[in-house]
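Q: I would like a close look at one part of this protein, with its surroundings described carefully.

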Amino acid sequence: METPNMRKRWFEFVATVRKRMSRKLKKDVTHRDAMKEASGLWPKEKAKILNKLKRERRKQEKSQISSPESKAE
């Protein structure tokens, strides 16, 4: 399980927002403009990322707990 590198995730999110804005506005959008737009949306996206990581961790822990019990029987 990798630790979340939020800086990397932030720039990936900005790239996604930039593509979305370019399609919507039908012109190229600068990285800086995309960052301005993304800053308002980031808290919600960050929560999604962290929740996904928590889910994966719980799933992994659950599988580790259940696998030794099934082997013992």
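How many residues does helix α1 have, and what does it reach from its first C-alpha to its last?

A: Helix α1, residues 6–25, has 20 residues and reaches 28 Å from its first C-alpha to its last, close to the 28 Å expected at 1.5 Å a residue, where the expected span is 1.5 Å times one less than the number of residues. This is a predicted model, in which local features need pLDDT of at least 70 and side-chain atom pairs count only at pLDDT 80 or more, while totals for chains, interfaces and linings use all residues. Residues are numbered from 1 along each chain as its sequence is written, and side-chain values use heavy atoms, with hydrogens and water left out. The chain has two helices and zero strands, these being DSSP runs numbered from the N terminus (H or I of at least four residues for helices, E of at least two for strands).

The buried residues of α1 are M6, W10, F13, V14, V17 and M21, where buried means under 20% relative accessible area, exposed over 50% and partly exposed in between, with a 1.4 Å probe and protein chains only. Seen down the axis of α1, these buried residues fall within an arc of 105°, taken from the directions from the helix axis to the C-beta atoms, so they line one face of the helix. On the other side of α1, K8, K19 and R23 are exposed, and the helix is followed by K26, whose phi is positive, near 60°.

Leaving aside neighbours within four places in sequence, M6 is in contact (heavy atoms within 4.5 Å) with W42, K46, I49 and L50.

The structure also holds two aromatic pairs, meaning rings of Phe, Tyr and Trp (its six-membered ring) with centres within 6.5 Å, stacked if the planes are under 30 degrees apart, edge-to-face if over 60 and tilted otherwise. The rings of W10 and W42 have their centres 5.4 Å apart and their planes at 80°, so the pair is edge-to-face. W10 lies in α1 and W42 in α2, so this pair ties together parts 32 residues apart in sequence. F13 and W42 form a tilted pair, 5.7 Å centre to centre with 45° between the planes.
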